[in-house]
Amino acid sequence: MSKPAAKGPDYGNWVSTRLIWIPGAISLVFMALSLVSPVLAVAAAAALLGFVYFAYARYRFSSRGGNIQAGIQDLVLEYLEWDGRGRAVDIGCGNGPLTVSLAKKYPRAEVIGLDYWGGAWEYSQGVCERNARIEGVAERVTFQKASAAALPFADGTFDAAVSNLVFHEVRGVKDKKELIREALRVVRKGGSFVFQDLFLWKVVYGETDDLVETIRGWGIEKVDLVNTSRAEFIPRGLKLPFMVGTMGLLHGRK
């Protein structure tokens, strides 16, 4: 009898199941109440629309629906200019897909994945470590709990730093640009960085030109911003402002 195939890595999905079942449940409640008060049918329809949209987004992010999530993560490595020697850090690693990809692309590198792993997300350090073992990079990859607002490393610890769609989610930091500054703090002079986030969201980051000039003002040798929300592989339905429609990528050399 053949052995069952080993279960593969679990990198999760950016759309939590709660974003699907909560509006679905609300829609059902309002549908029932609309039998008494027909005006509530509008609220039921709105909640149903939310249910349908987030179910669609979760599907498209998954491997069955085109693996758009993985494609967006790959953009980070595409822009990383690094020879792969030394240490790299992935800030806000989730279940570790970018951390593992870094280690696989750069077989001489030591990679550290950081995350706070709060209850709002379906991620954990244990799943990260399991994924690294399955992918064959566990001997060069470590994971630890930390906040992007206060990285537990000395200045210039890493030769490269990456982060993907994390900074806007960090609570307790009003000025999100300070998270970029903190991430750059732990990169050595001459080291490389690629940070992807909702950098085109003006309410959070201001004008993009001003953002880039602010970073240069910190003494950063090279920094450019790319509008990655325009990537052709991303479906139009995911390019809404509250999804990845304001996504951009900062890359350069310290």
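Mentor: A definition to start: a salt bridge is a side-chain nitrogen of Lys or Arg within 4 Å of a carboxyl oxygen of Asp or Glu. Keep in mind that this is a predicted model.
Trainee: How many salt bridges does the structure hold?
Mentor: Eleven.
Trainee: Which residues are linked in a network?
Mentor: Asp155, Glu182 and Arg185 are linked by salt bridges into a network.
Trainee: How far apart are the closest N and O atoms of Arg185 and Asp155?
Mentor: They are 2.7 Å apart. Arg185 belongs to helix H6, while Asp155 sits in the loop between strands S3 and S4, so their pairing ties together parts 30 residues apart in sequence.
Trainee: Is Asp155 buried or exposed?
Mentor: Asp155 is exposed, because its relative accessibility is 59% and the cut-off for exposed is over 50%. Arg185 is partly exposed, at 23%.
Trainee: New topic. What does Arg188 pair with?
Mentor: Asp159, in a salt bridge of 2.6 Å, N to O. Arg188 is in strand S5 and Asp159 in strand S4, so this bridge connects parts 29 residues apart in sequence.
Trainee: And is Asp159 buried or exposed?
Mentor: Buried, because its 16% relative accessibility falls under the 20% limit. Arg188 is partly exposed at 34%.
Trainee: Last one. Where are Glu110 and Arg87?
Mentor: Glu110 is in strand S2 and Arg87 in strand S1, 23 residues apart. The two form a salt bridge, with their closest N and O atoms 3.7 Å apart. Glu110 is partly exposed at 36% relative accessibility. Arg87 is also partly exposed, at 26%.

Definitions and conventions: Residues numbered from 1 in each chain as written. Predicted model: local features only at pLDDT ≥ 70, side-chain atom pairs only at ≥ 80, totals over all residues. Heavy atoms only, no water. Helix = DSSP H or I, 4+ residues; strand = E, 2+ residues; numbered from the N terminus. Buried < 20%, exposed > 50% of the residue type's maximum accessible area, 1.4 Å probe, protein only.
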